Amino acid sequence: MTLATVTKRSVKSPPRPAGRGRPATGQGAWFLVLPALLPILVLSVGPLLYGIALAFTDSQSGRTVPTQWIGTLNFQDLVHDTLFWDSFRIGLLWAVGVTVPQFLLALGLALLLNQDLKLRWLARALAIIPWAMPEVVVGIMWRLVYNPDAGILNETIRDLGLGDGRDWLSGLSTALPAVIVVGVWAGMPQTTVALLAGLQNTPRELHEAAAMDGAGAWRRFLSVTWPALRPVALAITALNLIWNFNSFALVYVLTNGGPGGRTRLPMLFAYEEAFRYGQFGYAAAMGCVLVAVISVLLAVFLVGRLKGGEDA
């Protein structure tokens with residue numbers, strides 16, 4: 001037996017600390033997740049369940065007003081409420097009208113910012129400024145732009161000799177398009193950032209190989225850029241559609257749902273029913289319908305993603 005063998009056997013490794021290297025048990029895992037899970041349960045799941053229960057009551061504002069269980073009566077009234085379905089139609093027009101041009105403009109801006117341009121860092125910083133601004137500030141700023149008397153838009157129209165301008169946010173035919181323009185401007189930066197990240201993950205070797213094969217810019221976009229960008233594009237478009245359908249603050253500051261309800265989105269209608277007219281139960285029923293619609297949109301998106309993954 002050699003000296004090295006004796007030394008190796010005599011020297012014992014230090015004991016392993018208890019619990020190190022062992023997988024956490026189920027109880028320990030829940031203990032670690034609880035700090036992040038508790039706010040979600042308290043601030044999201046709890047109010048959601050309370051709102052669903054409230055939709056089956058006749059709850060109204062006032063401490064002395066009794067609350068009774070009325071079953072599906074609120075939903076039956078909602079089916080015949082033409083004002084709600086008008087707001088639902090306006091909400092769909094708003095969501096699609098903002099999401100589609102928002103994506104197209106963001107895609108063009110992302111392709112431009114992905115090029116090797118001078119002061120590209122400055123252009124990227126300026127592109128995300130609207131994203132950093134609160135919606136209330138954006139709404140106030142654009143109210144000044146649309147001001148019928150001293151707004152920069154009408155002043156520009158007058159200087160160019162194109163007319164005397166108009167009251168964009170109060171006109172029945174111009175209010176919704178004017179608000180859609182603001183929604184596109186405010187939401188485009190986040191779409192640009194997401195698409196730009198997808199473009200930067202596309203290998204340049206593929207573009208170089210396609211260019212060597214004689215493919216033009218449009219052909220390279222269809223065969224190289226878009227297939228790599230499609231998962232990001234689908235995800236950000238679905239999220240934008242849901243986010244825009246749930247919009248509240250921006251339209252509330254700009255028009256408060258007017259004129260004549262032309263910009264009254266479903267969230268605004270539910271807000272008015274709850275906090276202007278005190279019909280909490282009826283407003284909760286509207287919220288349940290909106291949650292169901294959003295759930296359907298999410299389900300369609302997830303099914304599309306799963307099918308896309310299987311095809312790949």
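## Burial and surface

A residue counts as buried under 20% relative accessible area, exposed over 50%, and partly exposed in between, using a 1.4 Å probe and protein chains only. On that scale, 31% of the 312 residues of the protein are buried. The protein exposes about 19,700 Å², and 66% of it is supplied by carbon and sulfur atoms; accessible areas come from the Shrake-Rupley method with a 1.4 Å probe.

## About the model

This is a predicted model, in which local features need pLDDT of at least 70 and side-chain atom pairs count only at pLDDT 80 or more, while totals for chains, interfaces and linings use all residues. Residues are numbered from 1 along each chain as its sequence is written, and side-chain values use heavy atoms, with hydrogens and water left out.

## Overall fold

The protein has 14 helices and zero strands, where helices (H or I, at least four residues) and strands (E, at least two) are DSSP runs numbered from the N terminus. Take contacts (heavy atoms within 4.5 Å) between residues at least 6 apart in sequence: 65% join residues at least 24 apart.

## H9 against H11

Helix H9 (residues 175-200) packs on helix H11 (residues 217-245) at an angle of about 155°, with the axes 9 Å apart. That makes the two roughly antiparallel, a label for angles over 145 degrees.

At the contact, Gln190, Thr191, Ala194, Leu195, Gly198 and Leu199 of H9 meet Thr225, Leu229, Val232, Ala233, Ile236 and Asn240 of H11. By class, this contact has seven nonpolar, five polar and no charged residues, with Gly counted as polar.

Key: Axes are lines fitted to C-alpha atoms, for helices over the stretch in contact, and angles run from 0 to 180 degrees between N-to-C directions. Angles under 35 degrees count as roughly parallel, over 145 as roughly antiparallel, 65 to 115 as roughly perpendicular and the rest as oblique.
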